[in-house]
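Take a look at the model below. The walk starts with rings and charges, then moves on to strands and sheets.

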Amino acid sequence: MHPRDILLADKLNEECGVFGIFDQEGLAVQEITYYGLYALQHRGQESAGIAVADGHTIRYHKARGLVPEVFNEETLGALQGGKIAIGHVRYPTYGDTSLYNAQPLVIKYKKGFLALAHNGNLVNAEMLRNELEEAGAVFQTSVDSEVIANLIARHIDEELETAIQNTMSKLKGAYALLLMTEDKLIAVRDPYGMRPLALGRIGHSYVLASESCAFDAVDAEFIRDVKPGEIIIISQDGLRSIQTPVPLKSGLCVFEFIYFARTDSTIDGVSVYTARKEAGKILAAEHPADADLVIGVPDSGTTAALGYAEASGIPFGEGLIKNRYVGRTFIKPSQAVREQGVRIKLNALRKIVKGKRIVMIDDSIVRGTTSKKIVEMLRLAGAKEVHMRISSPPVRFPCYFGIDTPTKEHLIGAKYSVEEICRIIGADSLGYLSIEGLLKTVEGSGCDFCLGCFTGEYPMAIELKDE
């Protein structure tokens, strides 16, 4: 474990971000993909990769590290001359940090080359992998993307679009998928729409990304979100859409709005900023506090704190400062450093919080370790009272669809009542946003949401393993 893991250990973590472009303007697709991935860095910090197609072959570069660590002028220069590109940033599940699992995954099969970049998780990946291995398939990685690639390659005698549809019928779980051949860019979103995927345009060139904030980074125009169950095929002939069958109810991950997505993104018609601010307003009504100052745990708690302050009339202040230069390191920390990990990332502003009754807004509590450290930090800085408010319901169940969550036994919300959690973290009071309040923050999306980590009810039936 390294310091970045310490800082993220008490948060739910998104697994990946994807970006793709089909050029019709003579653009440097590798550079645009680089900046698109830079904007999606929050979705994955373990590895990054870009693959480009020039009509004849696919070249790629990928490595462990942040986007600016993996790519430089030399590595990007080696990818120039392509017309299509896809890119990927990855956050792995615990213990799964091998370079061979970095994406995009590039394979050669009978009809040519195929590159894949995948965000999500298949709940039947192990079963599909076993079936493929029994049929003679050999796997180089442990990622679900290779299972998808193998299934597509099994249908080599069909048209690619048909092969993808047949593959989708076998997949169970969440996936926002970008595929690239020598001359096509293809986007696929699972039938429940669990992971986000958006379509944009730079002039006559099309771009795709996990979040709309990536379009702003490359000066692209947002067109629309890819629909659940939709396959988009982009080639020299233009854009085509194939709509596959979908269930009656969709299941977009609601944690995109609580924490995962960047605040300036819009997903399925809902502004992330507006949703978070509304969460703070509703939280103020559901759990008022007699206090002098409202502060947010940066960054995702800040917008909700603004909403809480506006609705409650309590002044907003910047009581916690974030170190924005905490990056990756392979130095193994001592136990003492591990225990002090929160202080690497956050520090309290003593002059702001001293002698005050504080309302502290955070997006969630997972294990509770970080919350306890922050409450202690505020008290040491002189805070008179610390009232903690959470802009989501208690996390009581793990996610099976591509979010890195602890097992149920490590989720503080699964083991203790709100009153007990309050005592454990040392706060004067604790209040969570209700599920009804949370759903109000995303009204107008026109889709349904996965609330599995709060309720234990998932969009699809899954075989739960013992926790």
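**Rings, charges and strands**

Lys108 lies over the face of Phe113, at 5.6 Å from the ring centre. A charge sits over a ring if NZ of Lys or CZ of Arg is within 6 Å of the ring centre and within 35 degrees of the ring normal. Arg129 does likewise: its charged end is over the ring of Phe139, 4.3 Å from the centre.

This is a predicted model, in which local features need pLDDT of at least 70 and side-chain atom pairs count only at pLDDT 80 or more, while totals for chains, interfaces and linings use all residues. Residues are numbered from 1 along each chain as its sequence is written, and side-chain values use heavy atoms, with hydrogens and water left out.

Now the ring-to-ring pairs. The structure holds 10 aromatic pairs. Rings of Phe, Tyr and Trp (its six-membered ring) pair if their centres lie within 6.5 Å; planes under 30 degrees apart count as stacked, over 60 as edge-to-face and the rest as tilted. Phe255 and Phe260 have ring centres 5.4 Å apart and planes at 40°, so this pair is tilted. Both Phe255 and Phe260 are buried (under 20% relative accessible area with a 1.4 Å probe, protein chains only; exposed is over 50%, partly exposed in between).

Phe257 and Phe449 have ring centres 6.0 Å apart and planes at 80°, so they are edge-to-face. Phe257 belongs to helix H9 (residues 255-260) and Phe449 to strand E25 (residues 449-450), so the pair ties together parts that are 192 residues apart in sequence. Helices (H or I, at least four residues) and strands (E, at least two) are DSSP runs, numbered from the N terminus. Phe257 is buried at 3% relative accessible area. Phe449 is buried too, at 14%. Elsewhere, Tyr34, Tyr35, Tyr38 and Phe71 make up one aromatic cluster.

Next, the strands. E18 (residues 293-296) is covered on both faces: Leu293 and Ile295 are buried on one side, Val294 and Gly296 on the other. Four bridges join E18 to the parallel strand E21 (residues 357-362). Val294 has Val359 as its bridge partner in E21.

An open sheet of seven strands runs E4-E3-E5-E2-E11-E10-E12, with antiparallel pairing. Two strands pair if DSSP finds at least two bridges between them. Strands E4 (58-64) and E12 (221-225) stand at the edges with a single partner strand each, so one side of each has no neighbour in the sheet. Within this order, seven bridges join E3 (residues 47-53) to the antiparallel strand E5 (residues 84-90). Ala53 has Ile84 as its bridge partner in E5.
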